[in-house]
Amino acid sequence: MQQLHNVATLPWIKGLAVMPDVHYGKGATVGSVIAMQDAVCPAAVGVDIGCGMSAVKTSLTANDLPGDLSRLRSKIEQAIPVGRGMHREEVDPKRLYQFPTGGWDDFWSRFDGVADAVKFRRDRAALQIGTLGSGNHFVEFCIDTSGSVWLMLHSGSRNIGKELAEHHIGVAQKLPHNQGLVDRDLAVFVADTPQMAAYRHDLFWAQEYAKYNRAIMMALFQEVVRREFRKAKVSFEPVISCHHNYVAEERYEGMDLLVTRKGAIRAGSGEFGIIPGSMGTGSYIVKGLGNAASFNSASHGAGRKMSRSAAKRRFTTRDLEEQTRGVECRKDSGVVDEIPGAYKPIEKVIERQTDLVEVVAKLKQVICVKG
């Protein structure tokens, strides 16, 4: 509550919406939507710029799946590096089946304009595109209530987005207009300044990087499924993709605003979104209702109810095994902080936003590859 009050004191703010998965974050809460005029707060985006979700429905059904899913999980892990892992060679999008490569060269050429502090990371960023990362990022094989199989993943802009975010937060904190703030992590950039122009360039580049990262991962994921289910001749519906740590230029009540969603998705009328639960509970595909009071937004997930360190103190690997029963996934001490018990119940989070979204499909994972 104190973080929300702190945000509300910023002189540039025009509105603040709070999502039902809200929880403590750095500077601004995770699960908040902040609308500002002529200003933007980097910490209100989060350090994983462009983090979000992708999901696609397949022609497979639950009956097509083998009894033992360990091989399929292993193939996914071989195709998509996790944790701090990266590809040995840059993924060539032209070799990916029906992957849209338009704009790819232009995207990388714009990297030359990013902050000098991170320019030398170009080679690493190229090898990390198409990789999962760590923490709460995941790749999942899911089944909906009708028996259809879905592919789903959660990731962001990897280390390059984090470094860009931290660089610009540091720049913002030194600016004169930010010296009297109630929380130095709420430092902002204001319009018509070189610092704002530099941040916006890097911000939108990193958001696009995150989108490409998920798109390439999904294409690699689909390749695994095509190979493993060759006889089924798998087809895929259009991919649903949404950021949940990002900034968008939107207009409300006659004002052009910079809307920051930190742990929130856009839920404009008819727009598809993805709201995942924890690694043992399931997720929801939703359609936005276009609620202007929320700045056309909805929650980005279940939301943590305890910190990672608290989860490690409270739960054991035996608890993890029990809470992820029936899911092919890691069940070791390295992922205890991601145990379902550390998260709010996803069903209750969905129930508290019936004025923001309608449920299109409910999914339950059978494989979960954790970062």
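The model is predicted, so local features are taken only where pLDDT is at least 70 and side-chain atom pairs only at pLDDT 80 or more, while totals for chains, interfaces and linings use all residues. Residues are numbered from 1 along each chain as its sequence is written, and side-chain values use heavy atoms, with hydrogens and water left out.

Side chains of opposite charge can pair when their charged atoms come close. A salt bridge here is a side-chain nitrogen of Lys or Arg within 4 Å of a carboxyl oxygen of Asp or Glu. The whole structure holds 23 salt bridges.

One of them joins Glu228 to Arg71, with 2.8 Å between the closest N and O atoms. Glu228 is in helix H6 (residues 194–228) and Arg71 in helix H2 (residues 70–79), so this pair links distant parts of the chain, 157 residues apart. Helices (H or I, at least four residues) and strands (E, at least two) are DSSP runs, numbered from the N terminus. Glu228 counts as partly exposed, at 26% relative accessibility; buried means under 20% relative accessible area, exposed over 50%, and partly exposed in between (1.4 Å probe, protein chains only).

A salt bridge also forms between Glu223 and Arg95, at 3.6 Å from N to O. Because Glu223 lies in helix H6 and Arg95 in the loop between H2 and helix H3 (104–109), the pair ties together parts that are 128 residues apart in sequence. Glu223 has a relative accessible area of 15% and is therefore buried.

In the salt bridge of Lys362 with Glu347, the closest N and O atoms are 3.8 Å apart. Lys362 belongs to strand S16 (residues 357–370) and Glu347 to helix H9 (residues 346–351), so parts 15 residues apart in sequence are tied together. Lys362 is partly exposed at 34%, and Glu347 is partly exposed at 32%. Elsewhere, salt bridges that share partners join Arg304, Arg308, Asp337, Glu338 and Lys370 into one network.

The pockets come next. On a 1 Å grid over the protein atoms alone, a pocket is an open set of points with protein on both sides within 12 Å along at least five of seven lines, and lining residues have an atom within 4 Å of a point. Grid points are joined across faces, edges and corners, and a volume is the space filled by probe spheres set on the points.

The largest pocket has a volume of about 1,300 Å³. It is lined by 46 residues, and the closest to its centre are Asp48, Gly135, Asn136, His137 and Arg308. Helix H5 gives the largest share of this lining, 4 residues. By class, the lining has 12 nonpolar, 21 polar and 13 charged residues. Ala, Val, Leu, Ile, Met, Phe, Trp, Tyr, Cys and Pro count as nonpolar, Asp, Glu, Lys and Arg as charged, and the others, Gly among them, as polar.

The second largest pocket holds about 370 Å³ of space. Of its 16 lining residues, Gln98, Phe99, Pro100, Ala215 and Val239 lie nearest its centre. H6 supplies the largest share of the lining, 9 residues.

Last comes an annotated residue. UniProt, in an unreviewed entry, lists His300 for "active site"; such annotations may be inferred rather than shown by experiment. His300 sits in the loop between strand S14 (297–299) and helix H7 (308–314). At 13% relative accessibility, His300 counts as buried.

Definitions and conventions. On a 1 Å grid over the protein atoms alone, a cavity is a set of points where a 1.4 Å probe fits but cannot get out, and a pocket is an open set with protein on both sides within 12 Å along at least five of seven lines; lining residues have an atom within 4 Å of a point.
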